[in-house]
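Student: I have a structure open and want to learn how to read it. Can we take a few features in turn?

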Amino acid sequence: MTPLLRPIAAFALAGLCLSPMARAQQPAMHQADHFGRHFDDAAEWAKSFDDPARDEWQMPARVIDALQLKSGQIVADVGAGTGYFTVRLAQSPAAPKVYAVDIEPSMVEYLKQRAVREGLKNVVAVQAAADRTNLPEPVDLVLIVDTYHHIPKRVAYFTTLRAHMKPGARLAIVDFRKGAPSGPPEEFRFTPDQIGAELAKAGFALQTSHDFLPRQLFLVYGVK
């Protein structure tokens, strides 16, 4: 399977300068990431991806509250990893159907097992491809956390994704701010204007932005 992005030498070297916590919080959307790490042991990666210490700056409850989910909606958690947001979305008061989408097979298998283990009948794990989510039906919301900067050919990717979103659906992007203490190198971080320009070409328009996350942008787009 083609990686979401092929390893880039400069990026890999830059990644060595990040702290272990910074590197651990990167999403698992591909078999080998920019830092040369592999994700074939999802249970081991879960120790860092689902570390309770992440809650302090990721603020998952507040993020989900801001999304204002409604009962009966369908959500796609793209770049779900080991299910940090997937589980919280499924357990939220709206109890939406959640497609946990990831390109790494070990993560997808882990998500399936976790859903069974935690009794989450409203979670469905989806094996993504490098250029598409493979969602089986249109969704009301797509949430992409700490993954936007990993996606290649983003205009084409999000144009394809838009076809799998219902009329009036929303796209929520959470990704590292420039200057934040963790995350990818600065050249792989984007300003809101840069993200907005790319997504506008794919048919999305900014609806709202939230500023409460200390390390990340939180931008919500609607389908034009």
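This is a predicted model: local features need pLDDT of at least 70, side-chain atom pairs count only at pLDDT 80 or more; totals for chains, interfaces and linings use all residues.

Student: How are two packed helices described?

Tutor: By the angle between their axes and the distance between the axes. Here, the axes of α8 (residues 154-162) and α9 (residues 192-201) come within 8 Å and cross at roughly 55°. Axes are lines fitted to C-alpha atoms, for helices over the stretch in contact, and angles run from 0 to 180 degrees between N-to-C directions. Helices are DSSP runs (H or I, at least four residues), and strands are too (E, at least two), numbered from the N terminus.

Student: Which residues of α8 and α9 make the contact?

Tutor: Contact means heavy atoms within 4.5 Å. R154, V155, F158 and T159 of α8 meet E198, L199 and K201 of α9.

Student: Is S182 buried or exposed?

Tutor: Buried means under 20% relative accessible area, exposed over 50%, partly exposed in between (1.4 Å probe, protein chains only). S182 has 2%, so S182 is buried. S182 lies in the loop between β5 (165-176) and α9.

Student: And where is G222?

Tutor: In strand β7 (residues 216-223). G222 is buried too, at 5%. Leaving aside neighbours within four places in sequence, G222 contacts A169, G203, F204, A205 and Q207.

Notes: Residues are numbered from 1 along each chain as its sequence is written. Side-chain values use heavy atoms; hydrogens and water are left out.
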